[in-house]
Amino acid sequence: MTATATSTPPPAAPKVSGGKGGRTRLSFPVVLLIVAGALLALSAVRAITGAQDVTSAGQISAALAMAVPIGLAGLGGLWAERAGVVNIGLEGMMILGTFFGAWAGWQTNPWLGVLAGVIGGALGGLLHAVATVTFGVDHIISGIAINILALGFTTYFAKLWFNSGEAAAKGGSPKQSPPADDITSVTIPGLSDWLHSIEKHHWFFVSDLAGVIGGLVTNVSLLTILAVVLFVLTFFVLWKTSFGLRLRSCGENPVAAESLGVNVYRYKYIAVIVSGGMAGLGGAFLSLVTSHIYNEGQTGGRGYIGLAAMIFGNWRPGGLAMGAGLFGFADALQLRNGGESVHALLLLLVVVLAVLAAWKLYRKSFVQGAVSAVIAVAVLVWYLATDTVPTEFVSATPYIVTLLVLSLSAQRLRMPKADGMRYRKGQGK
């Protein structure tokens with residue numbers, strides 16, 4: 001996770017882009033090749049194992065729905081950390097979003113619930129900004145405190161607001177809210193049915209591609225479309241405007257930014273409040289789109305997984321979206337009781353680990369290469385000796401994927417240089 005410190009580096013020209021210190025940025029054609037390669041690998045796994053659900057439209061649709069709250073939480077983390085503030089409190093801000101979104105949603109309409117969820121998360125972000133920016137509290141301690149406070153706050157008020165009167169009569173209880181109305185979903189007419197007919201033939205790659213596209217154009221919530229727009233807007237605002245340049249300079253070298261006339265406190269406050277709002281929107285998605293009710297504990301650690309997706313994406317929206325998609329896919333597997341699908345993906349994991357072992361040995365990293373090879377052999381034995389995987393392992397799939405991806409990508413990352421560092425106005429004078 002991101003480290004904290006108590007001092008700021010000496011003044012220097014702020015470095016606000018990926019640059020040579022980070023990994024090479026992938027061009028759009030290269031990203032398409034990576035996606036095509038991943039789909040080809042999944043097609044091969046489906047053809048070899050017969051696990052048809054791996055690339056089905058239902059699996060992809062569920063993965064998209066699971067990826068949105070993770071992606072929005074990660075987007076919140078990206079805003080905060082690009083301004084130099086570590087936001088471990090994303091989980092708590094998501095909890096506030098689920099609670100306030102459901103509370104306003106069942107009483108009025110779901111879109112007002114979405115707004116209430118954003119405001120609830122933003123209030124959590126404001127509290128984090130006051131603690132870390134104004135009072136200089138350690139970012140990790142403040143974030144953990146917000147997570148604890150959010151859980152306690154929502155548990156207490158759920159018992160007050162959802163367990164009596166009209167709320168109880170409509171299905172509320174101490175641990176859940178009454179159901180809210182649906183947010184409109186859209187399907188591209190004609191295209192969805194045509195793709196489904198192709199998918200049913202189970203042709204190699206062609207049917208898999210039809211299943212993936214079909215899952216992306218069938219019953220897509222308007223809130224999902226809004227999330228995609230927010231990813232594009234985030235990239236434009238942070239990397240294509242002077243506002244974004246100033247904000248990112250606060251995360252790279254706030255002393256140098258201050259010397260150039262940037263109000264560092266203001267930009268940090270804006271970034272952390274927006275961060276909380278994004279996480280709150282992700283929470284509102286869970287309570288208004290995924291389940292239509294608030295349920296105690298329904299975030300399930302997605303705030304932390306969103307933070308992991310942000311780190312995997314090297315603090316950039318494009319990489320974050322890919323990471324959220326990967327984690328959403330793993331999350332959807334366990335929700336669809338995918339013991340057979342997870343078992344089939346063990347074969348893909350064997351190939352990935354074998355390729356990684358060969359690469360490490362080629363680079364003369366003998367210890368890492370040997371460890372990867374041993375794990376690949378162990379997973380292969382597991383795959384050959386079983387027909388499915390235990391339900392407990394399926395439930396843990398999202399968290400195992402999170403640990404695996406972070407361990408494999410950790411050496412390619414470059415976080416903002418002043419991320420997590422305490423800053424005081426006039427420090428460079």
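Start with the contacts across the whole protein chain of this predicted model. Take pairs of residues at least 6 apart in sequence: 80% of their contacts join residues at least 24 apart.

**Whole chain.** Switch to cartoon. The protein chain shows 18 helices and 2 strands. Now turn to the C-alpha trace. Along its principal axes the trace spans about 65 × 65 × 40 Å. The radius of gyration is 22 Å, which agrees with the value near 22 Å for a compact globule of 429 residues.

**Surface.** Display the accessible surface. The protein chain exposes about 19,300 Å². Carbon and sulfur atoms supply 69% of that area. Then colour by burial. Of the 429 residues, 48% are buried.

**Charges.** Select the charged side chains. There are 28 positive and 18 negative ones.

**Helix α2.** Select residues 57-82, which form helix α2. Zoom to Q59, a member of this helix. Is Q59 buried or exposed? Its relative accessible area is 0%; buried means under 20%, so Q59 counts as buried.

**Around Q59.** Next, show what surrounds this residue. Leave out its neighbours within four places in sequence. Q59 is then in contact with D53, V54, F329, A332, L333 and R336. Which backbone oxygen lies 3.2 Å from a polar atom of the Q59 side chain? Select F329: the oxygen belongs to its backbone. F329 is also one of the residues in the contact list of Q59.

Definitions and conventions:
Residues are numbered from 1 along each chain as its sequence is written. This is a predicted model: local features need pLDDT of at least 70, side-chain atom pairs count only at pLDDT 80 or more; totals for chains, interfaces and linings use all residues. Side-chain values use heavy atoms; hydrogens and water are left out. Helices (H or I, at least four residues) and strands (E, at least two) are DSSP runs, numbered from the N terminus. The radius of gyration is taken over C-alpha atoms; the globule rule is 2.2 Å times the number of residues to the power 0.38. Buried means under 20% relative accessible area, exposed over 50%, partly exposed in between (1.4 Å probe, protein chains only). Contact means heavy atoms within 4.5 Å. Accessible areas come from the Shrake-Rupley method with a 1.4 Å probe; for residues, only the protein chains shown count as cover. Lys and Arg count as positive and Asp and Glu as negative; His and the chain ends are not counted. The place of a charge is taken as NZ of Lys, CZ of Arg, CG of Asp or CD of Glu. A polar contact is a pair of N or O atoms within 3.5 Å; within protein, one must be able to donate a hydrogen and the other to accept it, and residues adjacent in sequence count only if both atoms are side-chain atoms.
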